[in-house]
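Welcome! Take a moment to look over the chain, and then we can walk through a few of its details together.

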Amino acid sequence: LWCKMRAFLAALLLLAVSLTSAFQGPALSRTPTSAISMAGRTPPSIKKYGVAVYLPNGNVNPAFLAAERKAKMAGKKKNVAKFEKIKSKQMSKKTFDIADVIKSRIGFVNPPDYFPGKGGK
């Protein structure tokens, strides 16, 4: 009885696997782009920053890496300049430092009045 049940379950499993594979769409093929898998093939002609991303042997183009690094540095300098401009504007309005914000909202705080042990009353 156990052998018949095991055979029935195996057949049922095979049927389920064949049905699920029948309803799946075609397998999508993805073209690998690593240097190892590119051996013997011509790499795709992708260009960015005015240079090809890959060399004919499949390796990443060093000129592309340099151009990418240069573009990232330019973006970084742009962001730093933007925040420096914001900071200088806040400093000129006296809203950059937390003490300036407290002075504008509460007023000048004289520490001896608030801290008796520091020379106050």
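Let's begin in the loop between β2 (51-52) and α2, where asparagine 61 lies. Keep in mind as you look that this is a predicted model.

Is asparagine 61 buried or exposed? With a relative accessible area of 12%, asparagine 61 counts as buried, because buried means under 20%. Beyond its neighbours within four places in sequence, asparagine 61 is in contact with Val51, Ala52, Val53, Tyr54 and Leu55. For Ala52 there is a polar detail too: its backbone oxygen lies 3.0 Å from a polar atom of the asparagine 61 side chain.

Asparagine 61 also reaches towards the helix: at the start of α2, one of its side-chain oxygens comes to within 3.2 Å of the backbone nitrogen of alanine 63.

## Along helix α2

Now follow α2 itself, which runs over residues 62-92 and has 31 residues. From its first C-alpha to its last, α2 reaches 45 Å, close to the 45 Å expected at 1.5 Å a residue.

Just after α2 comes lysine 94, with a positive phi of about 60°.

Methods:
Residues are numbered from 1 along each chain as its sequence is written. This is a predicted model: local features need pLDDT of at least 70, side-chain atom pairs count only at pLDDT 80 or more; totals for chains, interfaces and linings use all residues. Side-chain values use heavy atoms; hydrogens and water are left out. Helices (H or I, at least four residues) and strands (E, at least two) are DSSP runs, numbered from the N terminus. The expected span of a helix is 1.5 Å times one less than its number of residues. A polar contact is a pair of N or O atoms within 3.5 Å; within protein, one must be able to donate a hydrogen and the other to accept it, and residues adjacent in sequence count only if both atoms are side-chain atoms. Buried means under 20% relative accessible area, exposed over 50%, partly exposed in between (1.4 Å probe, protein chains only). Contact means heavy atoms within 4.5 Å.
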